[in-house]
Amino acid sequence: MTSLFEFITMAFPKAGIQVSGLPITINMVLFGVVTIVNFKYIPKYLKLMPSFIFPYYLLVMFVVISVLINIGNGTITAMTLAMTAVVTLSPLAGLSAMALSTEKSFKIVSISSIVTGGYMIIQKIFGIIATSIAGVSYTYGQDLAHKNIGYTGDPSSAVGEASKMPSTYQNGNSVGLFLATSLALLLSWTPDNSRWKTIRKVGIVMCFIGLTLCGSRSILFPMLLVSVFIFFGYFRKLNGNEKKSLFINIFLFLLTLLLFLKITHSDVLNQLVERYIAQTIENPTSNRGSMWADGWQYINNLNLKQFISFGIIGAPNDAVGSDGMMGFLLNRGIIAQLLFIACLGIPIVQLMCKKETRIVAWSLVAVFIAFILDMSFYYLPCVMNFYLAFAIAGKSQNSDVSITKIKGVLPSENRYSGL
């Protein structure tokens with residue numbers, strides 16, 4: 001069941017049905033069951049990040065206080081409660097990685113990357129609506145054609161519907177976050193046989209293609225910023241022949257892809273240029289700038305008593321709207337915001353301290369930047385995938401999977417028994 005949870009979380013997170021306006025997904029049901037079953041692994045999980053438990057406990061406490069008070073003034077909706085639960089409970093998803101061998105978790109990551117990236121290609125060619133499967137690729141009962149995230153265009157069109165491919169996540173931003181961490185995990189993994197080495201390579205290619213097609217500037221641009229660190233982290237563990245082969249393969253892949261798109265799908269190149277260059281120049285923040293300005297203006301207009309209250313419990317949830325971390329700050333308060341940042345930063349620091357997991361750490365930095373820019377952390381399974389990536393990479397330090405150091409291979413699974 002734990003393996004199924006990881007696969008569903010990464011590959012089909014929106015599979016399920018909508019009930020009374022709220023989505024009930026297989027991911028949510030399995031998460032509850034797997035968390036209870038794997039509760040015994042909490043000590044091992046916390047050993048990967050021993051400084052996490054205190055800020056996490058305080059985060060949950062302050063968020064609950066904020067929610068209860070806002071319920072009292074009538075500004076909390078059922079959706080707000082659900083999104084708050086996503087933030088506070090999702091870190092427990094990392095427990096599943098403690099129950100599985102790291103080799104199995106890496107295999108699930110590779111297959112999930114192929115599923116999500118490959119499905120995005122199908123969506124781009126044949127259309128999002130034409131290729132959708134209710135209850136599998138999106139939550140049954142929701143209207144995929146009219147969702148305000150990840151989909152734009154004429155719902156009646158069968159092809160070329162959108163510039164952002166949502167894959168099985170219903171949202172280009174969310175699938176982009178998953179592929180960013182998957183790419184780093186796959187780059188840090190050395191499979192134990194030739195078949196999985198091939199599958200890993202396909203997964204890496206699908207991650208690159210998926211990050212391009214997802215249309216999410218909030219993750220693509222941060223990934224470009226950290227890509228130099230990811231590349232050199234991967235490059236330095238290769239031997240001489242592997243380094244030469246890497247450059248040749250990258251060149252041939254990019255050349256083949258560009259020629260293929262230019263000859264058969266020139267409209268895709270035009271859409272990518274329009275999305276990532278023209279729209280960025282025209283509107284760099286996608287109208288978030290004005291929302292952030294409104295948020296700061298609201299905070300600046302508070303008197304001392306109001307500011308203290310805001311710091312502890314946040315603003316009334318209908319007082320002012322915003323996006324990204326600014327939205328969380330306004331809704332839950334200054335203390336909760338700082339604690340949330342700490343809970344995201346601690347896993348990054350833990351992985352950054354070791355050279356062999358630094359590649360994954362940099363991908364989590366990119367995801368953290370994306371969380372600052374948009375509210376993807378409020379939606380499943382974005383924060384789950386963040387902590388799953390951390391747990392898989394962290395556990396791999398002492399497992400049977402051959403995630404390589406600069407020289408040599410890490411110790412076997414039997415040494416993990418001490419954790």
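Val33 is found in helix 2. In this predicted model, Val33 has a relative accessible area of 33% and is therefore partly exposed. Val33 belongs to a nonpolar patch on the surface, together with Met1, Ile17, Val19, Ile24, Met28, Val29, Val37 and Tyr140. The accessible area of these residues together is about 790 Å².

Two elements, strand 1 (16-19) and helix 2 (26-37), each supply at least two residues of the patch. Helix 2 gives the largest share, with four residues. An α-helix has 3.6 residues a turn, so residues three or four places apart point the same way. Val29, Val33 and Val37 are among the patch members.

## Helix 1

Helix 1 (residues 2-11) is mostly covered, with seven of its ten residues buried. The buried residues are Thr2, Phe5, Glu6, Ile8, Thr9, Met10 and Ala11. Their cover includes helix 2, which also contributes to the nonpolar patch. Helix 6 (95-99), helix 7 (102-126), helix 8 (172-187) and helix 18 are also included in what covers them.

## Overall composition

The protein chain has 18 helices and two strands. Of its 419 residues, 52% count as buried. The chain exposes about 18500 Å², and carbon and sulfur atoms supply 68% of that area.

Among contacts between residues at least 6 apart in sequence, 74% join residues at least 24 apart.

## Nonpolar cores

In soluble globular proteins, nonpolar side chains tend to be buried together. In this model the largest nonpolar core has 96 residues. The residues with the most contacts inside this core are Tyr45, Ile219, Met223, Phe328, Phe371, Phe377 and Tyr387. Helix 18 (residues 382-395) gives the most to the core, with eleven residues. Apart from this core lies another, of eight residues, including Ile299, Leu302, Phe310 and Leu329.

## Surroundings of Phe328 and Leu59

Phe328 has a relative accessibility of 1% and so counts as buried. Not counting residues up to four places away in sequence, Phe328 touches Leu59, Val63, Val87, Gly333, Ala336, Gln337, Phe340, Met375, Phe377 and Tyr378.

Leu59 lies in helix 4 (residues 53-72). Its relative accessible area is 2%, so Leu59 is buried too. With residues up to four places away in sequence again left out, Leu59 touches Phe328, Ala336, Leu339, Phe340 and Cys343.

## Aromatic pairs and cluster

A search of the whole structure finds 18 aromatic pairs. In one of them, Phe328 and Tyr378 are 6.1 Å apart centre to centre, with 40 degrees between the planes, and the pair is tilted. Phe328 lies in helix 15 (residues 324-332) and Tyr378 in the loop between helix 17 and helix 18, so the pair ties together parts that are 50 residues apart in sequence. Tyr378 is buried because its relative accessible area is 4%, under the 20% limit.

Phe371 and Phe386 form another tilted pair, at 6.2 Å centre to centre and 40 degrees between the planes. This pair links helix 17, which holds Phe371, with helix 18, which holds Phe386, and the two residues are 15 apart. Phe371 is buried at a relative accessible area of 0%, and Phe386 counts as buried at 1%. The residues of both pairs belong to one aromatic cluster, which also includes Phe52, Tyr56, Phe340, Phe377 and Tyr387.

## Ser363 in helix 17

Helix 17 (residues 358-373) also contains Ser363. The relative accessibility of Ser363 is 0%, so this residue counts as buried. Leaving aside neighbours within four places in sequence, Ser363 is in contact with Ala180, Thr181, Ala184, Met223 and Ile230. Met223 is also one of the residues with the most contacts inside the largest nonpolar core.

Notes
Residues numbered from 1 in each chain as written. Predicted model: local features only at pLDDT ≥ 70, side-chain atom pairs only at ≥ 80, totals over all residues. Heavy atoms only, no water. Patch = residues over 30% accessible without salt bridge, like charges linked within 9 Å, V, L, I, M, F, W, Y side chains within 5 Å. Areas by Shrake-Rupley, 256 points an atom, 1.4 Å probe, with all protein chains shown as cover. Salt bridge = Lys/Arg side-chain N within 4 Å of Asp/Glu carboxyl O. Buried < 20%, exposed > 50% of the residue type's maximum accessible area, 1.4 Å probe, protein only. Core = buried A, V, L, I, M, F, W, Y, C linked by side-chain atoms within 4.5 Å. Contact = heavy atoms within 4.5 Å. Phe/Tyr/Trp six-rings, centres within 6.5 Å; stacked < 30°, edge-to-face > 60°.
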